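Hi,

Here is the structure I said I would pass on. Have a look at it first, and then read on for what turned up.

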Amino acid sequence: MNSGGNVRRSFGFAVLVVGVGLLGWWGSARTAPAIEDAISTATAAIEAEATHAVTAEVSGRDITLRGIADTELERDLLLARAELVEGRRVVRNELTVLPSVEPYFFRVEKDGPRLGVEGTLPSEAAREAVGSFIGAAAGRLDLASGAPPGWGAAAEQGLTGLNGLKTGVLEMRGPEMLLQGLAATPFEAEFVEEVMAVMEPGFTRLLDLDIEDDGRPFALDVSYVRDGAVRASGKLPVTMTLDALTPLSKGEDVADLSGITFARLPSPDGLWP
């Protein structure tokens, strides 16, 4: 009898162990997706806090950070944030840290429609903003950290000024900005001066402008001073010559042309000569 009782007790104990094991497996199977979802929700905040594009991939309870960290300090902070996620198991680092540049350098040289560009950009957002001014050339610049605060807005301000010039150079070195070049007329020069009047906080600027033309409109005043001879004054476009005034003299010499000046610009509407 005792032997049968021992068998029944052993069998009952085995059933209990199996039952508890199945219950534990069933409970963990039900809670594992919930834990993974909670970890994914927590890591989404880490992605949002990063300066650049960073992804936090969750596999089971493991977290892998991929993408670009602005500095070594930011990399360490992102990893520390991942370590604090409740329920996580392993945190893997696959982040790339940008090189740091000091002083931060950016230069655009404009010669009519041609552009020469060198330097670095602080972010993809800055690349997009700068690209609206310099086009595909922005895609050839590397990213680097070290830009002063407000760099993006200051660069857009300087590029707006450069756009107002026929030829010129915009150079940014740390918080110092140089804009120099040739304005077609005083009107363009005034526009550039207004754009650059108030700088982004922390930035200083040096503005050096030459003016190609005085901006006065084309004009021609002709008066007859003796038989067939004329006196002429006014401002003519660069495409005209004094020979254009010969028909006005009715075959005689033009008496006085000292009042004629020539613009540095052609006629914008094609009406001159």
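Among contacts between residues at least 6 apart in sequence, 57% join residues at least 24 apart. Keep in mind that this is a predicted model. The protein has 273 residues, and 32% of them count as buried. As for the elements, you will find five helices and twelve strands.

Strand 2 (residues 62-69) pairs with strand 3 in the parallel sense, over seven bridges.

Next, the nonpolar cores. The largest one has 30 residues, and F106, V130, W151, L170 and M172 have the most contacts inside it. Several elements give two or more residues to this core: strand 4 (105-111), helix 3 (124-134), helix 4 (151-163), strand 7 (167-173), strand 8 (176-183) and helix 5 (186-195). Helix 4 gives the most, with five residues. There is also a second, separate core of 14 residues, with I46, L65, L79 and V91 among them. In general, nonpolar side chains tend to be buried together in soluble globular proteins.

V130 is worth a click. Setting aside neighbours within four places in sequence, V130 is in contact with F106, L121, G135, A138, W151 and L159.

So how do helix 3 and helix 4 lie relative to each other? Their axes come within 10 Å and cross at roughly 0°. Since angles under 35 degrees count as roughly parallel, the two helices are therefore roughly parallel to each other. On the helix 3 side, the contact is made by A126, A129, V130, F133 and I134. Helix 4 brings W151, E156, L159, T160 and N163. Sorted by class, this contact has seven nonpolar, two polar and one charged residues.

Cheers

Notes
Residues are numbered from 1 along each chain as its sequence is written. This is a predicted model: local features need pLDDT of at least 70, side-chain atom pairs count only at pLDDT 80 or more; totals for chains, interfaces and linings use all residues. Side-chain values use heavy atoms; hydrogens and water are left out. Two strands pair if DSSP finds at least two bridges between them. Helices (H or I, at least four residues) and strands (E, at least two) are DSSP runs, numbered from the N terminus. A nonpolar core is a set of buried Ala, Val, Leu, Ile, Met, Phe, Trp, Tyr and Cys residues joined through side-chain atoms within 4.5 Å. Buried means under 20% relative accessible area, exposed over 50%, partly exposed in between (1.4 Å probe, protein chains only). Contact means heavy atoms within 4.5 Å. Axes are lines fitted to C-alpha atoms, for helices over the stretch in contact, and angles run from 0 to 180 degrees between N-to-C directions. Angles under 35 degrees count as roughly parallel, over 145 as roughly antiparallel, 65 to 115 as roughly perpendicular and the rest as oblique. Ala, Val, Leu, Ile, Met, Phe, Trp, Tyr, Cys and Pro count as nonpolar, Asp, Glu, Lys and Arg as charged, and the others, Gly among them, as polar.
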